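Reader: Please pick one part of this model and go through it closely. Keep it brisk, and give me the cut-offs.

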Amino acid sequence: MTTPLPSWPPRSPDRRTTAPYVAVPREPLDPARTGRRWVRRRARGMTADAAAAALDVARFDARQNSRYEDLAGDERGPAELGEWERIARLLADAPPGTVYDPDTDDVVQAELAADAAAAAAREAELREAMRIAARADELQALRELGTLAQAEPRDGDEAVRDELTRRAGGYIQDDVDAWLARALAAHLGHYRDPAAREAAAGLLTPPVLAHSALLAELARLVPGTDIGQLAFAARLATTEPEATAALAAHLTRARPQAH
């Protein structure tokens, strides 16, 4: 019997991981919008009389479709009828001889602008997802090399933390949390910026924030303390984040009395 070759690099038996992925945001399907766009293509170049005739046909089709139960939840049909009604009114109120042109239709142009903005937002979301995935790969490589503690966090690494947790099947990554807590306490990387430290309060979990606060106060009490000697702070924050945060706040209030 052939012995299977071990995987490389070897995986820790207690680590559950899933393959990284980047979710590609797509334009949501909208039957009603599809119907309106179809009407506008058909209506291009129509006069008021032609649009009125097309509206009559659409109303007839709507009455016919209402007889069928399987079309009761149809969104496209009513949207098409509503668009024919709007275009017919638009041409009826326009000067004689006017033909319909979606390029000069304010409603159409507003929708196109909204669509362009939504597409730009989806593109930005995709770029951000790709950035997070690449940074997660980078941090994972540092973890495997044992050098994560020497790295400085960057803007957006809070979201990368969530991605690493997702890849681990939802398990909290203690080493990543400790790394972020220490960096926040010591104002390393992007946490040198007060705005980034303030934003972290809404991006990191209570245990990470409590761990960081306690580390900062302990470092002030005993200058030059080796962070590696304060591993107990992480255990306290993980098991009792509220109590740890309260202890850090108490030390903060007591600080002026120590001098």
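Author: What follows is a close look at one helix and its surroundings.

The model is predicted: local features need pLDDT of at least 70, side-chain atom pairs count only at pLDDT 80 or more, and totals for chains, interfaces and linings use all residues. Residues are numbered from 1 along each chain as its sequence is written, and side-chain values use heavy atoms, with hydrogens and water left out.

First, the setting. The protein chain has 10 helices and zero strands (DSSP runs numbered from the N terminus: helices are H or I with at least four residues, strands E with at least two). Of its 259 residues, 30% are buried (under 20% relative accessible area with a 1.4 Å probe, protein chains only).

Now the helix. H6 covers residues 174-186. Its 13 residues should span 18 Å at 1.5 Å a residue, and the end C-alpha atoms are 18 Å apart, which agrees (the expected span is 1.5 Å times one less than the number of residues). Val176, Asp177, Ala178, Trp179, Leu180, Ala181, Ala183 and Leu184 are its buried residues. Their cover includes helices H4 (106-145), H5 (157-167), H7 (194-200) and H8. Just after H6, histidine 187 takes a positive phi of about 60°.

Take the partner H8, residues 206-221. The axes of H6 and H8 lie 8 Å apart, at an angle of about 45° (axes are lines fitted to C-alpha atoms over the stretch in contact, and angles run from 0 to 180 degrees between N-to-C directions). That makes H6 oblique to H8 (under 35 degrees is roughly parallel, over 145 roughly antiparallel, 65 to 115 roughly perpendicular, the rest oblique). The crossing is right-handed (the near helix is turned clockwise from the far one by less than a right angle).

Contact means heavy atoms within 4.5 Å. On the H6 side, Asp177, Ala178, Leu180, Ala181, Arg182, Leu184 and Ala185 take part. They meet Val208, Leu209, His211, Ser212, Leu215 and Ala216 of H8. By class, this contact has nine nonpolar, two polar and two charged residues (Ala, Val, Leu, Ile, Met, Phe, Trp, Tyr, Cys and Pro are nonpolar; Asp, Glu, Lys and Arg are charged; the others, Gly among them, are polar).

H8 also packs on H10, residues 241-254. Those axes come within 8 Å and cross at roughly 30°. H8 and H10 are therefore roughly parallel. Residues in that contact include Ala210, Ala213 and Leu214 of H8 and Leu247, Ala248 and Leu251 of H10.

How values were computed:
Buried means under 20% relative accessible area, exposed over 50%, partly exposed in between (1.4 Å probe, protein chains only).
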